Amino acid sequence: MSFPLLTFSEQLILTLAALILFSSFLLLAQTRMIGLIHTFAWQGVLLFAATVLMASSSGHHHLFISAALTLGLKVFFIPWQLRRLVVRLDIRRSVETVGGSSLVMIAAGALTLFSYYVVLPIRELSLLATRNTIAISLAVVLIGMLMIITRRKAVAQVIGFMSMENGLFFAAVVSTYGMPMVVELGVAFDVLVAAVLFGIFFFQIRSGIGSLDVDHLNRLTEVDK
Amino acid sequence: MNGWLLALLQTGLMIAAAPLLSGWVKWCKCKFQNRQGAAPWQTYRDLGKLFRKEIVVAANASTIFRIAPYIVFSVTALACSVIPLVAPNLPTSALADAIVLVGFFALGRFFLALAGMDIGTAFGGMGSSREMTISSLAEPAMLLAIFTLAMSVSSTNLSTMISALLQRPFQLYPSFIFAAMGLVLVAVAETGRIPVDNPATHLELTMVHEAMILEYCGRHLALMEWAAMIKLLLYGVLLVNLFVPWGMATSLTPPDLLVAALLLLIKLMLLGFVLAAAESGLAKMRLFRVPQLLGLAFILSLLGMLSHVILEVR
């Protein structure tokens with residue numbers, strides 16, 4: 001097996017990609033709300049580092065703007081906003097039991113393998129040394145989706161949604177030096193608005209069904225039979 | 001011939017030096033807790049004292065109880081000859097690969113658990129059942145971590161692995177980082193260190209290793225404790241030599257070997273220091289939380305393997 005030599009920044013980006021995947025697994029396993037938000041912020045930090053590395057090593061300076069956006073929104077603003085919500089909703093210490101957590105982790109591992117096989121033909125199209133990370137970003141997207149499916153608390157589902165967006169952003173940065181600036185700004189703005197809207201939704205859901213557990217939405221009657 | 005001599009020498013050295021590492025960790029822990037602390041070679045005195053004491057065996061003890069200490073000790077000593085200490089490519093390394101090493105550990109553990117249950121006390125049985133639970137979770141994680149390394153160098157032989165890593169130019173391998181983290185967690189669980197088991201305890205409801213050897217005394221106890229110390233050293237050497245192999249002797253000349261031995265000593269002392277720091281900072285975990293910790297170890301090793309397949313093979 002041959003290992004072609006990569007430049008140091010490429011090695012760092014590959015390591016960061018693996019760490020981002022790890023943070024996705026951590027998000028999936030994390031049961032405490034505050035811990036979940038902190039893990040999400042750390043994923044943002046990793047994403048920021050990868051973007052900065054990519055920007056400085058490739059010379060595409062518009063990536064610095066994306067990196068700054070990532071730092072501002074995903075590391076500080078959204079976690080801060082979510083944390084404030086969690087404090088105001090008084091669910092700081094709430095522990096969510098994830099049913100069959102080891103099964104969910106195995107499913108996440110399987111999803112990673114699945115995304116690897118799906119991406120195999122696609123990665124031939126890219127010439128970058130970091131093209132292998134496309135599979136990682138697809139896995140991050142799928143694990144975010146898995147998180148939305150398995151979690152019942154609305155806050156955790158929102159974090160799953162945001163980490164899906166992280167995966168998409170990472171794929172764009174590492175495989176094609178980022179999306180066009182207009183798209184990127186639009187997505188960043190969307191995420192920002194989504195974070196604010198979700199906050200309003202949380203209060204609506206809570207005043208509607210008395211809990212943030214969205215399983216209650218499946219019931220059609222208002223009183224227990 | 002030279003190689004065989006060196007192999008014998010390093011096996012003997014490992015067995016002889018094992019109590020020193022345990023003593024060093026104990027000494028570091030004492031310093032962290034602002035205590036005076038016995039000298040690192042106190043463990044030799046303790047072992048000597050145990051060897052001189054007479055043996056008392058319970059009336060209903062079977063042969064297994066009597067032979068278990070010898071089996072556990074000899075299996076652990078045999079494992080020492082497999083792991084490269086200061087130089088890879090010694091003739092003994094062809095005896096067994098990493099999977100057999102895991103098998104050696106399993107054999108020792110099997111007899112340890114049998115001995116724990118043999119007398120029929122509640123404590124022994126409890127300890128054995130806990131040990132088996134923990135090891136059944138730790139073993140897959142350890143094997144996965146080793147397979148990750150084996151895949152990247154295409155061999156399961158420890159010495160081939162290490163020499164392949166030594167020849168390669170330095171690179172960051174994400175898979176190695178994850179495998180190292182997974183193996184550290186496994187090592188903590190398997191050697192009975194703090195978040196999983198408290199090595200300093202002798203009567204506590206939650207103990208694991210001490211519960212199994214509670215009925216032993218004298219020479220038997222000394223052999224069991226010595227084997228546990230060797231196991232700690234084995235895991236330490238395994239971690240250090242697999243993930244930080246730089247400085248190991250590539251040729252069998254005295255200056256090279258001396259430098260390698262010195263570097264290894266420094267690395268192991270650092271590792272012992274880190275272990276003592278972690279043990280002083282962490283609290284013992286509830287037994288029912290241990291599967292989560294080992295699940296994390298398994299996920300880390302799995303991620304190591306996945307990131308090897310996805311990121312490093314092209």
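These are my notebook entries on a predicted model, taken one topic at a time.

**Entry 1: the contact between chains A and B**

I began with the contact between the two chains. Chain A puts in 22 residues and chain B puts in 18 residues. I then asked which helices of chain A each supply at least two residues of its side. They are helix 1 (8-29), helix 4 (101-123) and helix 5 (133-150). Helix 1 of chain A gives the largest share, nine residues. I also sorted this side of chain A by class. I noted 15 nonpolar residues, seven polar ones and no charged ones.

**Entry 2: helix 7 of chain A**

Next I looked up helix 7 of chain A, residues 181-209. It has 29 residues. From first C-alpha to last it reaches 41 Å, close to the 42 Å expected at 1.5 Å a residue. Which of its residues are buried? I listed Glu184(A), Val191(A), Ala195(A), Phe198(A) and Phe202(A). I then checked what covers these buried residues. The cover includes helix 3 (62-89) and helix 6 (154-176) of chain A. Last, I looked just past the end of helix 7 of chain A. There Gly210(A) takes a positive phi of about 75°.

**Entry 3: helices 9 and 10 of chain B**

I moved to chain B and a pair of helices. Helix 9 covers residues 218-243, and helix 10 covers residues 254-281. Their axes come within 10 Å and cross at roughly 115°. Angles of 65 to 115 degrees count as roughly perpendicular. Helix 9 and helix 10 of chain B are therefore roughly perpendicular to each other. The crossing of helix 9 past helix 10 in chain B is right-handed.

I wrote down the residues that meet. Helix 9 of chain B brings Gly236(B), Leu239(B) and Val240(B). Helix 10 of chain B brings Leu264(B), Lys267(B), Leu268(B) and Leu271(B). The residues of this contact divide into five nonpolar, one polar and one charged.

**Entry 4: Arg130(B)**

I closed with a single residue. Arg130(B) is in helix 5 of chain B, residues 122-153. Is Arg130(B) buried or exposed? I found 22 C-beta neighbours inside 10 Å. A residue is buried at 20 or more, so Arg130(B) counts as buried. Leaving out residues up to four places away in sequence, I noted that Arg130(B) touches Val208(B) and Leu287(B). I also looked up a distance to Leu296(B), 166 residues away from Arg130(B) along the chain. The C-alpha atoms of Arg130(B) and Leu296(B) are separated by 19 Å.

Conventions. Residues are numbered from 1 along each chain as its sequence is written. Chains are lettered from A and ligands numbered from 1 in the order in which they are written. This is a predicted model: local features need pLDDT of at least 70, side-chain atom pairs count only at pLDDT 80 or more; totals for chains, interfaces and linings use all residues. Helices (H or I, at least four residues) and strands (E, at least two) are DSSP runs, numbered from the N terminus. A residue is buried if 20 or more other C-beta atoms lie within 10 Å of its own, exposed if 12 or fewer, and partly exposed in between; C-beta atoms are placed from the backbone. Two residues are in contact if their C-beta atoms, placed from the backbone, lie within 7 Å. Axes are lines fitted to C-alpha atoms, for helices over the stretch in contact, and angles run from 0 to 180 degrees between N-to-C directions. Angles under 35 degrees count as roughly parallel, over 145 as roughly antiparallel, 65 to 115 as roughly perpendicular and the rest as oblique. A crossing is left-handed if the near helix is turned anticlockwise from the far one by less than a right angle, and right-handed if clockwise. Ala, Val, Leu, Ile, Met, Phe, Trp, Tyr, Cys and Pro count as nonpolar, Asp, Glu, Lys and Arg as charged, and the others, Gly among them, as polar. The expected span of a helix is 1.5 Å times one less than its number of residues.
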